[in-house]
Amino acid sequence: MMKISDILILFCTLNTHKMDMTKLLGSQIGLDDFIFVHRKGRPKEIEIAKTNEALGLTITDNGSGYCFIKRIKENSIIDKISYISVGDHIEKIDNETMVGRRHYEVAKMLKDIPKGTVFTLRLIEPIKAGFSNIEPRSSKRGKSASYGNGKETLRFKANGAAQIQKETDESKKGIDKINQLLENLLGISDFELATQIWEKGENKLNSMDFAEAIDNSDLDELGFTDDFIIELWGVITDARAGRLKN
């Protein structure tokens with residue numbers, strides 16, 4: 001049987017297939033209501049130079065730990081970045097996760113970023129395929145490029161340079177194996193958490209650096225034992241070396 005976590009739902013809207021953040025599914029559902037599921041698409045990391053005090057974002061949340069871009073003010077900093085759209089989930093500001101926070105907390109963190117600072121937003125966009133009248137935010141910019149199927153991460157620099165980081169076979173196997181370990185330890189399947197752990201191991205040369213990266217992140221709250229961190233590091237090194245099997 002397929003689990004909810006396997007579907008990778010980003011949010012649901014009530015009585016509309018459009019990415020309307022005023023129609024997010026709440027607690028009041030009538031017998032005649034329709035629920036539309038919007039699945040997670042590709043992550044994108046965007047460097048933003050805060051040249052004005054206001055970014056031009058209005059943020060909402062679903063009450064379950066996910067914050068979304070509700071509106072974008074015309075001619076604002078964010079409006080000039082074509083890769084950011086209404087409906088995008090704000091997953092991280094720099095390396096700090098926003099999952100579990102309310103919209104006003106995220107808005108305050110963005111507001112408190114000093115003018116002149118360059119920071120990174122990690123966003124998860126909803127998959128736009130499936131409904132013909134769901135389109136990227138492109139009316140003022142011509143055609144937008146297809147952003148793929150969620151297997152890559154788009155990275156955009158503040159100077160306009162772009163890079164696509166593809167999900168490799170090694171990373172997929174590593175993340176899947178980490179997810180299995182989490183399920184054995186915590187009793188839950190959490191692909192996002194497994195991905196976050198994998199990313200903490202990127203560019204690390206030994207288990208001590210990996211453990212330090214875990215300790216200095218929000219993952220520290222999970223209280224992983226030293227033995228479990230060593231086991232996670234073993235998965236990462238095995239995946240890098242191509243020793244993990246499907």
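Thr 97 is buried, with a relative accessible area of 12%; buried here means under 20% relative accessible area, exposed means over 50%, and partly exposed covers the range in between (1.4 Å probe, protein chains only). The structure is a predicted model, in which local features need pLDDT of at least 70, side-chain atom pairs count only at pLDDT 80 or more, and totals for chains, interfaces and linings use all residues. Residues are numbered from 1 along each chain as its sequence is written, and side-chain values use heavy atoms, with hydrogens and water left out.

Thr 97 belongs to strand S6, residues 96-97. Helices (H or I, at least four residues) and strands (E, at least two) are DSSP runs numbered from the N terminus, and the protein has 6 helices and 9 strands. A polar atom of the Thr 97 side chain lies 3.2 Å from the backbone nitrogen of Val 99. Setting aside neighbours within four places in sequence, Thr 97 is in contact (heavy atoms within 4.5 Å) with Glu 91, Lys 92 and Asp 218.

Two side chains meet that of Asp 61 through polar contacts: Arg 102 at 3.0 Å and His 103 at 2.6 Å. A polar contact is a pair of N or O atoms within 3.5 Å; within protein, one must be able to donate a hydrogen and the other to accept it, and residues adjacent in sequence count only if both atoms are side-chain atoms. Not counting residues up to four places away in sequence, Asp 61 also touches others, including Leu 24, Tyr 66, Cys 67 and Phe 68. His 89 is 28 residues from Asp 61 along the chain, and their C-alpha atoms are separated by 9.0 Å.

For the whole protein, 40% of the 246 residues are buried. Among contacts between residues at least 6 apart in sequence, 60% join residues at least 24 apart. The average pLDDT (the predictor's confidence in each residue, from 0 to 100) is 78, and 79% of the residues score at least 70. Over residues 1-7 the pLDDT is below 50, and this stretch has 6 contacts in the model beyond near neighbours in sequence. Residues 129-150 also have pLDDT below 50, with 33 such contacts in the model beyond near neighbours in sequence.
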